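Here is a short report on a protein model. Please read it with the structure open.

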Amino acid sequence: MKRLSWFNITALTVGFAFLYLPILILMIYSFNGGRNVAIWAGFSTKWYGELFRDQAFLDAAWVTVKVALAASTFATVLGTMAALVLVRVGRFPGRTLFSGMIYAPLVMPEVITGLSLLLLFISLGVDRGVFTIILAHTTFAMCYVSVVVSSRLVTFDQSLEEAARDLGCSPVSAFRLVTLPIIAPAVISGWLLAFTLSLDDLVISSFTTGPSATTLPMEIYSSVRRGVSPKINALSTIMISIVALAVIGTSIAAKRAAVRAQRDEQAAARATG
Amino acid sequence: MRKWPLIAVPYLWLLLLFLVPFLIVIKISLSDAALSIPPYTPTLDLAAGWAGLRQFLSELDFENYAFLASDDLYWRAYLSSLQIATVSTVLTLMLGFPIAYGMACAPEEWRPTLMMLVILPFWTSLLIRVYAWMGILSTEGFLNNFLQWLGVIDAPLMILNTQNAVYIGIVYTYLPFMILPIYSALEKLDGSLIEAAEDLGCTRTKAFWLITVPLSRPGIIAGCFLVFIPALGEFVIPSLLGGSETLMIGKVLWEEFFNNRDWPVASAVAVVLLLILIIPIVLFQRNEQKQREAGK
């Protein structure tokens, strides 16, 4: 399959144009001087200025970042533990239920996850707000983290950790000194995935929040329902740029780290074998 | 044993925040709506012991499900969700397959970049990607202005707030989920098989249909399920791009809950949606299982 025909080139061009043109148009129109989004009225950055003067958006942005930082960190710890259980621990009672609970949230419609968590919080009498959003996001994000981390753990040579144990390491320090550095790239990309999932979530946040906390997607949604606004274009442009830079940057760094880790692991395997 | 804390922490977390909430949804779907806080009865009175439990169980019924079955709003919402999800899955396949095929044919050194370009939109907010189409599809939007400037149309087309906009939104949002599994199936495909077919007198087109398509089938199936399953319960896309006549069950559930505040009916809607989803989910798992076994 080495010949790139005209058909292939057309498909790739049309496909990537379809994927990227809408985002590009959105970003271009954030620099539009007029209020009407569709009619170009000269270059201007005034919508960015308006955005930064809008207290509601700034507050929501702060809530969102707080939630995403906390939820992605908890999700990474819990998801890594779950991955270790799935890959390392053999049989234990309730294993099928456990793996079912890890995979089910990945295919569960968000409206159902949101509804069920809200009903739980209400029946427990928990005050809803930032705290409940964090709990909700941690729960669905940990499943994504565990999938990412377990796919790396499967290829990991367990004899390395056994060697560390033979050399007198405690299980915890063997994990910290040997396993963790090797699975680190997967853990980091799991964290990043959890972070963006939390950052983007509208549905589950809307269900699980209370009157005290509004996240950025909720603020965007309620503004967008009233129609297109250049201020939202400006905000979107900022968010897309941050995410794109972060993803490209970490994927380059992760690739380098993975190559290095693979080399170390092979060298260590040669030395122990 | 040291492994027990490792198992217990994530296990208890998921039990409490995934399984128990779901059991509560089932329970409330069997309750009656009431003008109280919380707005449903019966509530379990643990202090009354066995008698309380018996009383509680006797008050549960399937009334809400009977209501779903009798009111044709829900029927039509489920059916139209199934229809919208099916049509958009087919459209996504028709657009996604040629792209995946093009990627698999592309020179090896381009492929990581192409992969990156397919994955990148997945990282940007769904809400923003859907919003981008609002500005393009509206009557005074980019597309209509462009077509009028070209002289193709005289009056602006009504696309936003129709079912067509929902199709565009779903295809756009889930396209990467279709491309990636098909690409990974096509990439593994042995090119010499196609050469052999051509040597034996097949035309390129015939070889494509006889060799390439059947061998990439697991990828096609996986891609279709990865689009169909989330599309069925979608909320954001029909809510922002669809019109009032676009019925999708995710939107109905949302409105039942937030606007009508009928929790028991919203819970029953959720349970039925999940029952419908079990079929494609099981089929998807089986396809994955088969692929894993074939890989060994």
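Predicted model: local features only at pLDDT ≥ 70, side-chain atom pairs only at ≥ 80, totals over all residues.

Residues are numbered from 1 along each chain as its sequence is written, chains are lettered from A and ligands numbered from 1 in the order in which they are written, and side-chain values use heavy atoms, leaving out hydrogens and water.

**Chain A**

Chain A has eleven helices and zero strands. Helices (H or I, at least four residues) and strands (E, at least two) are DSSP runs, numbered from the N terminus. Along the sequence the pattern reads α-α-α-α-α-α-α-α-α-α-α. The C-alpha atoms of chain A fill a box of roughly 70 × 60 × 35 Å along the principal axes. Of its 273 residues, 51% are buried. Buried means under 20% relative accessible area, exposed over 50%, and partly exposed in between, with a 1.4 Å probe and protein chains only. Contact means heavy atoms within 4.5 Å. Among contacts in chain A between residues at least 6 apart in sequence, 71% join residues at least 24 apart.

**The interface**

How many residues of chain B are in contact with chain A? The count is 89 in chain B, facing 82 residues of chain A. The size of an interface is often given as the accessible area lost when the parts come together. Here the buried area is about 7700 Å², and carbon and sulfur atoms give 83% of it. Buried area is the accessible area (1.4 Å probe) that two parts lose on being put together, summed over both. On the chain B side, Phe18(B), Trp123(B) and Tyr131(B) lose the most area to chain A, together 11% of what that side buries.

Leu4(A) also reaches across. This residue lies in the segment before helix H1 (6-29) of chain A. Leu4(A) is partly exposed, at 26% relative accessibility. Beyond its neighbours within four places in sequence, Leu4(A) is in contact with Ile9(A) and with Gly102(B), Cys105(B), Ala106(B), Pro107(B) and Trp110(B).

**The core**

The largest nonpolar core holds 156 residues. Such a core is a set of buried Ala, Val, Leu, Ile, Met, Phe, Trp, Tyr and Cys residues joined through side-chain atoms within 4.5 Å. Phe98(A), Phe207(A), Ile220(A) and Val236(B) touch the most other members. Helix H8 (residues 163-188) of chain B gives the most to this core, with 13 residues. Take Ile220(A): leaving aside neighbours within four places in sequence, its contacts are Phe57(A), Ile232(A), Leu235(A), Met239(A) and Leu127(B).

**A helix pair in chain A**

Helix H7 (residues 159-166) and helix H8 (residues 171-200) of chain A pack at an angle of about 145 degrees, with axes 9 Å apart. Axes are lines fitted to C-alpha atoms, for helices over the stretch in contact, and angles run from 0 to 180 degrees between N-to-C directions. From H7(A), Leu160(A), Glu161(A), Ala164(A) and Arg165(A) meet Pro171(A), Ala174(A), Val178(A), Thr179(A) and Ile182(A) of H8(A).

Ile249(B) lies in helix H13 (residues 249-258) of chain B. Its relative accessible area is 0%, so Ile249(B) is buried. Leaving aside neighbours within four places in sequence, its contacts include Tyr74(B), Ala77(B), Leu232(B) and Leu273(B). Ser80(B) sits in helix H4 (residues 72-105) of chain B. Ser80(B) is buried too, at 15% relative accessible area.

Two residues other than glycine have positive phi. Asn161(B) has a phi near 70 degrees, and Arg261(B) one of about 55 degrees. Asn161(B) is in the loop between helix H7 (142-150) and H8 of chain B. Arg261(B) is in the loop between H13 and helix H14 (263-295) of chain B. Both count as partly exposed, Asn161(B) at 35% and Arg261(B) at 49% relative accessibility.

**C-alpha separations**

| Pair | Apart in sequence | C-alpha to C-alpha |
|---|---|---|
| Ile249(B) and Val269(B) | 20 residues | 7.9 Å |
| Ser80(B) and Leu247(B) | 167 residues | 6.3 Å |
| Trp62(A) and Glu162(A) | 100 residues | 45 Å |

Trp62(A) is in helix H3 (residues 55-87) of chain A. Trp62(A) is exposed, with a relative accessible area of 54%.
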